[in-house]
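The sequence and the structure are shown first, and the description follows.

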Amino acid sequence: MIINLSETNSLIGDWMSEIRDAEIQTDRMRFRRNLERLGEVAAYEISKTLTYVDREVQTPLGTASCMVVRQQPVLGTILRAGLALHQGLVNYFDKADHAYISAYRKHNRDGSFEISLEYVSCPPLDEQVLILSDPMLATGASLVKTIDHLTEFGKPAHIHIVTAIACTIGIEYVQRNADANISIWAGDIDDELTAKGYIVPGLGDAGDLAFGTKMQQ
């Protein structure tokens with residue numbers, strides 16, 4: 001299931017315009033906050049797909065029947081770029097367990113790159129709903145490698161990928177290569193990917209825009 005949150009007119013269009021705008025996005029706090037708000041909306045929409053149970057609650061005047069989430073999802077994010085999106089998800093799923101994954105492009109001198117995955121901290125995932133956040137779904141290679149590695153912690157019942165911008169090529173790569181039940185929730189979807197694996201028109205480097213330019217090693 002692929003959900004483009006910009007297909008329906010909403011405030012997401014305002015936030016995405018600011019996330020993409022080359023002048024506005026230089027305000028790091030605003031950039032992070034817009035990603036966080038996108039994560040909050042995605043959390044609300046994903047919550048509609050979860051399983052609920054009836055719970056009786058004692059009020060000051062009697063009892064009320066409330067439908068509550070049967071089990072909180074596990075929230076995972078790819079460091080460092082995914083932290084702002086992740087915070088938006090945490091704001092809504094505030095009782096969830098967390099997974100953190102360090103996955104990045106390690107560039108070679110010839111311009112090619114490989115996905116380096118150096119650190120993973122994850123709770124048990126068997127039969128859990130996993131929500132994995134990363135602001136850019138470009139080639140899809142880092143997400144597939146991350147999902148494959150996370151299966152060492154158990155097989156999730158379903159994986160929701162939350163991203164600000166996804167590329168159709170990356171979406172198709174994830175669908176072909178990830179051995180899991182997956183839904184992708186994107187703030188918007190672009191069709192073009194450069195030879196170096198960057199989304200066009202995209203937004204640039206989300207990690208650098210949120211947290212500052214990094215030195216390449």
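## Salt bridges

A search of the whole structure finds eight salt bridges, a salt bridge being a side-chain nitrogen of Lys or Arg within 4 Å of a carboxyl oxygen of Asp or Glu. The model is a predicted one, in which local features need pLDDT of at least 70 and side-chain atom pairs count only at pLDDT 80 or more, while totals for chains, interfaces and linings use all residues. Residues are numbered from 1 along each chain as its sequence is written, and side-chain values use heavy atoms, with hydrogens and water left out.

Side chains of opposite charge can pair when their charged atoms come close.

| Salt bridge | N to O distance |
|---|---|
| Aspartate 190 and arginine 20 | 2.9 Å |
| Arginine 33 and glutamate 36 | 3.5 Å |
| Lysine 95 and aspartate 94 | 3.8 Å |

Which parts of the chain does the pair of aspartate 190 and arginine 20 tie together? Aspartate 190 lies in strand β10 (residues 182-190) and arginine 20 in helix α1, so the pair ties together parts that are 170 residues apart in sequence. Helices (H or I, at least four residues) and strands (E, at least two) are DSSP runs, numbered from the N terminus. Arg20 and Asp190 also belong, with Asp188, to a network of salt bridges.

Accessibility is described here in three classes: buried means under 20% relative accessible area, exposed over 50%, and partly exposed in between (1.4 Å probe, protein chains only). Aspartate 190 counts as buried, because its relative accessibility is 6%.

The second pair has both its members in helix α2, where arginine 33 and glutamate 36 are three residues apart, about one turn of the helix. Arginine 33 is partly exposed at 33% relative accessibility, whereas glutamate 36 is buried, with a relative accessible area of 19%.

## The contact of α1 and α2

Two packed helices are described by the angle between their axes and the distance between the axes. For helix α1 (residues 11-20) and helix α2 (residues 28-47), the axes come within 9 Å and cross at roughly 145°. Axes are lines fitted to C-alpha atoms, for helices over the stretch in contact, and angles run from 0 to 180 degrees between N-to-C directions.

Helix α1 brings Ile12, Trp15, Met16, Glu18 and Ile19 to the contact, and α2 brings Arg30, Phe31, Asn34, Leu35, Arg37, Leu38 and Val41; contact means heavy atoms within 4.5 Å. By type, the residues of this contact divide into eight nonpolar, one polar and three charged. In this grouping Ala, Val, Leu, Ile, Met, Phe, Trp, Tyr, Cys and Pro count as nonpolar, Asp, Glu, Lys and Arg as charged, and the others, Gly among them, as polar.

Is asparagine 34 buried or exposed? At 2% relative accessibility, asparagine 34 counts as buried. Leaving aside neighbours within four places in sequence, asparagine 34 is in contact with Trp15, Glu18 and Ile19. Arginine 37, also in helix α2, is partly exposed, with a relative accessible area of 25%. From C-alpha to C-alpha, arginine 37 and methionine 16 are 10 Å apart in space, and they are 21 residues apart in sequence.

Threonine 146 is placed in helix α4 (residues 141-150). The residue counts as buried, because its relative accessibility is 1%. Beyond its neighbours within four places in sequence, threonine 146 is in contact with Ile78, Ile101, Ala103, Leu117 and Leu132.

## Backbone features in loops

A cis peptide bond joins leucine 79 and arginine 80, with omega about -10°. Arginine 80 is in the loop between β4 (74-79) and α3 (83-92). Another cis peptide bond joins valine 200 and proline 201, with omega about 5°, and proline 201 is found in the loop between β12 (199-200) and α6 (206-211).

Glutamate 127 has a positive phi of about 60° although it is not a glycine. The loop between β6 (113-121) and β7 (129-133) holds glutamate 127, which counts as exposed at 60% relative accessibility.
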